[in-house]
Structure formats: structure tokens, C-alpha cells
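Biologist: Thanks for sitting down with me. Could we go through this model together, one question at a time?

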Amino acid sequence: MLQEKIVLLSDGAKKLAECRETTQQVASEMGFNGQDLWGIVSAVFEACVNALTHGRQQGREPVMLILRAFDDRLEAVVKDRGKGFACPPAVAMPPVSSMRGRGIPLMKSFMDDMKVESGDGCIVTLVKYKEPVSGPRALS
Ligand SMILES: Nc1ncnc2c1ncn2[C@@H]1O[C@H](COP(=O)(O)OP(=O)(O)O)[C@@H](O)[C@H]1O
Ligand SMILES: [Mg+2]
């Protein structure tokens, strides 16, 4: 691993700007730019917002973003203490009039892999490869 950065969202929404800034910094240092960079920041932001809004029963549990830069890929891991959820393999964008439900389709379309582990809290892992991939790559 080349670099690891951690953002603790202990005070919730106030830290969301830091999530975006840190994601942008790590991804651009890796050479991502343009639409890829915008997509990575947007996808990681959606995962963090979801962890804060859906992953906290008391509204105060910590949420953590871990960004890991590897030679070939960026991994963003978002951890919350909630019950988790079953992430469907494919999700259609909701109708234009819908106010909800765009986070997961957005994450899946901008990132190369998305994995959700539910059990002892929820762990959402998003992966973007430096070289474009044609189809989704399985996370081992
Ligand atoms: N971290 C999470 N913990 C629990 N449930 C989640 C989490 N992230 C997403 N979900 C579930 O997946 C659904 C879809 O998420 P998303 O596409 O971002 O839409 P929205 O957040 O607008 O509802 C959420 O409504 C929620 O039920
Ligand atoms: Mg959402």
C-alpha cells in the first residue's frame, strides 16, 4: 500500500467536507482526474452520507472513512456501527422525480467494485482501478 488516510466522522455532517477533500487529495495524488476524480469523490461522499443517515440508530455512533492508495487502485472503506443492508447486484436509477435512492446506483456506476459486509456493523468498500476496466472485477 502506498498511502492510507482515515477520516473520523464523529461529529457527523460537519466532517463531510473533509471526506470530500481528503478523497479528492488522495485520488488526485494517484493520478485520477476529470470525470473519474469527480466520480470517486461523489461515490465516496454518497457512502459516507449513507453511513451517517442509515447506519446510526442513536445518531451519535462513529463513522469512519479509510482511503487506501495502492499501485493499481484506490480503495475507500466506509464503516458504521449500524445493522447494514443487502446491496442488490444491480440498481436502476430512480425516476427523475424521486428524491431518494441515487446513492447506490451512483456508487456502482462510478466505481469498478462495490462490496457491502453487514454483521458487526456495516462496511462498504468501493474500488477504482487506475487502468479502466471493462466489466466489474470481483472483490476477493
Ligand atoms: N450504511 C448503510 N446502512 C444501512 N442501510 C444502508 C446503508 N447505506 C445504504 N443503505 C440502504 O440502502 C438504501 C439505498 O441507498 P441510496 O441509494 O443511497 O438511497 P437513499 O440514501 O437516498 O435512500 C437506503 O435507503 C438504505 O435503506
Ligand atoms: Mg443515500
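Modeller: Gladly, and please keep in mind that this is a predicted model. Let us begin with Ser134, which lies in the segment after S5.

Biologist: How far apart in space are Ser134 and Lys15, C-alpha to C-alpha?

Modeller: Along the sequence, 119 residues separate Ser134 and Lys15. In space, the C-alpha to C-alpha distance between Ser134 and Lys15 is 34 Å.

Biologist: Let us step back to the whole chain. In what pattern do helices and strands follow one another along the sequence?

Modeller: The protein chain contains 3 helices and 5 strands. Reading along the sequence, the pattern is β-α-α-β-β-α-β-β.

Biologist: How does the radius of gyration of the protein chain stand against the globule rule, and what is its value?

Modeller: For 140 residues the globule rule gives 14 Å, and the protein chain comes close to that, so it is as compact as a globular protein of that length. The C-alpha atoms fill a box of roughly 40 × 35 × 30 Å along the principal axes. The radius of gyration itself is 14 Å.

Biologist: What share of the contacts with a separation of 6 or more comes from residues 24 or more positions apart?

Modeller: As background, buried residues make up 29% of the 140 residues in the protein chain. Of the contacts with a separation of 6 or more, the share from residues 24 or more positions apart is 63%.

Biologist: How many residues are in the hairpin link that joins S2 to S3?

Modeller: S2 (residues 64–69) and S3 (residues 73–80) pair in the antiparallel sense over 6 bridges. Within this pair, Ala69 stands opposite Leu74, and Leu65 has Val78 as its bridge partner. The hairpin joins S2 to S3 through 3 residues.

Biologist: And through how many residues does a hairpin join S4 to S5?

Modeller: S4 and S5 run antiparallel and are joined by 7 bridges. Asp113 has Val127 in S5 as its bridge partner. The hairpin between S4 and S5 goes through 1 residue.

Biologist: Which residue in S2 does Glu4 stand opposite?

Modeller: S1 and S2 run antiparallel, with 6 bridges between them. In S2, the residue opposite Glu4 is Arg68.

Biologist: Leaving aside neighbours within four places in sequence, which residues are in contact with Leu8?

Modeller: Leu8 sits in strand S1. With 12 C-beta neighbours inside 10 Å, Leu8 counts as exposed. Its C-alpha lies 8.8 Å from that of Cys19, 11 residues apart in sequence. Beyond the excluded neighbours, the contacts of Leu8 are Pro62 and Met64.

Biologist: What distance separates the C-alpha atoms of Ala86 and Gly31?

Modeller: Ala86 is in the loop between S3 and H3. Ala86 counts as exposed because 6 C-beta neighbours lie inside 10 Å. Ala86 and Gly31 are 55 residues apart along the chain, and their C-alpha atoms are separated by 32 Å.

Biologist: Finally, the ligand. Which helix gives the most to the shell around ligand 1?

Modeller: 15 residues surround ligand 1, the closest being Asn50, His54, Arg100, Gly103 and Ile104. Two helices, H2 (34–54) and H3 (103–110), each supply at least two residues of the shell. With 4 residues, the helix that gives the most is H2.

Biologist: How many residues of that shell are polar?

Modeller: The shell around ligand 1 includes 4 nonpolar and 4 charged residues. The number of polar residues in the shell is 7.

Technical notes
Residues numbered from 1 in each chain as written. Chains lettered and ligands numbered in written order. Predicted model: local features only at pLDDT ≥ 70, side-chain atom pairs only at ≥ 80, totals over all residues. Near = placed C-beta within 6 Å. Nonpolar A, V, L, I, M, F, W, Y, C, P; charged D, E, K, R; others polar. Pairing = 2+ DSSP bridges. Rg over C-alpha atoms; globule rule 2.2 N^0.38 Å. Buried ≥ 20, exposed ≤ 12 C-beta atoms within 10 Å, placed from the backbone. Contact = placed C-beta atoms within 7 Å.
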